[in-house]
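Please look through the sequence and the model shown here before reading on.

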Amino acid sequence: MTTPTKRSYRRVGPTEIRATHRASCHCGAVVLELDLPNGIEDPRRCNCSICRRKGAVVAAVPLSGLRVVKGADVLRLYQFNTKTARHYFCGNCGVYTHHQRRVNPNEYGFNVGCLEGVDPFDIPDVPTSDGVNHPADRHPARPSA
Amino acid sequence: MEREPRTLSRYRFAKKITDFLICRACGAYIGATMQSAERSFGIINVRMLPSMLEHLKRPQAMEYGSETTADRVGRREQRWTPIAVA
């Protein structure tokens, strides 16, 4: 696990991150508009049970900083465990686009790989969050017999 | 594949020779299948096998964008796993 370091990226490879940047799923049915005035802030991976399967690099914006401009009817919602987080993906191509975060429900996490012109492999040394040990999943120790 | 549950979705794009298998419920990309002239082939997304991930080598990014359809089918016939489709 990598020690968290706050970083922001106003350019990834050849692509400048615009203050309002578009993102889309693979088939193009879903299009998002994201407010990224400071670029991509604090991108990371996560090792929780769903993120390890998706493998996406994720960054966050306030709820007001993400708008679904196309394909709201195609988006599917997946919830599990505490059912706090709301994970959205395209019902046609399956690509994860964004989720309302459990750790902070006032934010959306979004798939950096969905940003127009952005190849997440151009972001060096993306840290991994220890989502598998999320505080909300810790149970009080059982009394010993 | 022994049976195809209703939660399985197939996604095709570009050359349209591959079925990418997607879970309708959670969006997970499970694997892919392809039918060649001879038989069917498939791959599993190893991210669906979390207990195995720690035992695997660090993955390498590959670039197959310049392949022709014949190149792609030929490579997969060599490297993908033959499968039986029920």
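**Where the chains meet**

The contact takes 13 residues from chain B and 13 residues from chain A, where two residues are in contact if their C-beta atoms, placed from the backbone, lie within 7 Å. This is a predicted model, in which local features need pLDDT of at least 70 and side-chain atom pairs count only at pLDDT 80 or more, while totals for chains, interfaces and linings use all residues. Residues are numbered from 1 along each chain as its sequence is written, and chains are lettered from A and ligands numbered from 1 in the order in which they are written.

- On the side of chain B that touches chain A, the classes are 10 nonpolar, 2 polar and 1 charged residues; here Ala, Val, Leu, Ile, Met, Phe, Trp, Tyr, Cys and Pro count as nonpolar, Asp, Glu, Lys and Arg as charged, and the others, Gly among them, as polar.

**Chain B as a whole**

- Chain B holds 2 helices and 5 strands, which are DSSP runs numbered from the N terminus (helices are H or I, at least four residues; strands are E, at least two).
- Read from the N terminus on, the elements of chain B follow the order β-β-β-β-α-α-β.
- Along the principal axes, the C-alpha atoms of chain B fill a box of roughly 35 × 35 × 25 Å.
- Of the 86 residues in chain B, 10% are buried, meaning that 20 or more other C-beta atoms, placed from the backbone, lie within 10 Å of the residue's own.
- When contacts in chain B between residues at least 6 apart in sequence are considered, 36% of them join residues at least 24 apart.

**The sheet of chain B**

- In chain B, 5 strands form an open sheet in the order S1-S2-S3-S4-S5 with antiparallel pairing, and two strands pair if DSSP finds at least two bridges between them.
- The edge strands of this sheet are S1 (8-11) and S5 (81-83) of chain B, each of which pairs on one side only.
- Strand S4 (residues 40-44) of chain B pairs with S5(B) in the antiparallel sense over 3 bridges, and B:Phe41 has B:Pro82 in S5(B) as its bridge partner.

**The sheet of chain A**

- Chain A has an open sheet of 5 strands, in the order S8-S13-S12-S11-S10, with antiparallel pairing.
- Strand S8 (58-62) and strand S10 (75-78) of chain A stand at the edges with a single partner strand each, so one side of each is left without a neighbour in the sheet.
- Strands S11 (residues 86-90) and S12 (residues 96-100) of chain A pair in the antiparallel sense over 4 bridges, and the bridge partner of A:Phe89 in S12(A) is A:Tyr96.

How values were computed
Buried ≥ 20, exposed ≤ 12 C-beta atoms within 10 Å, placed from the backbone.
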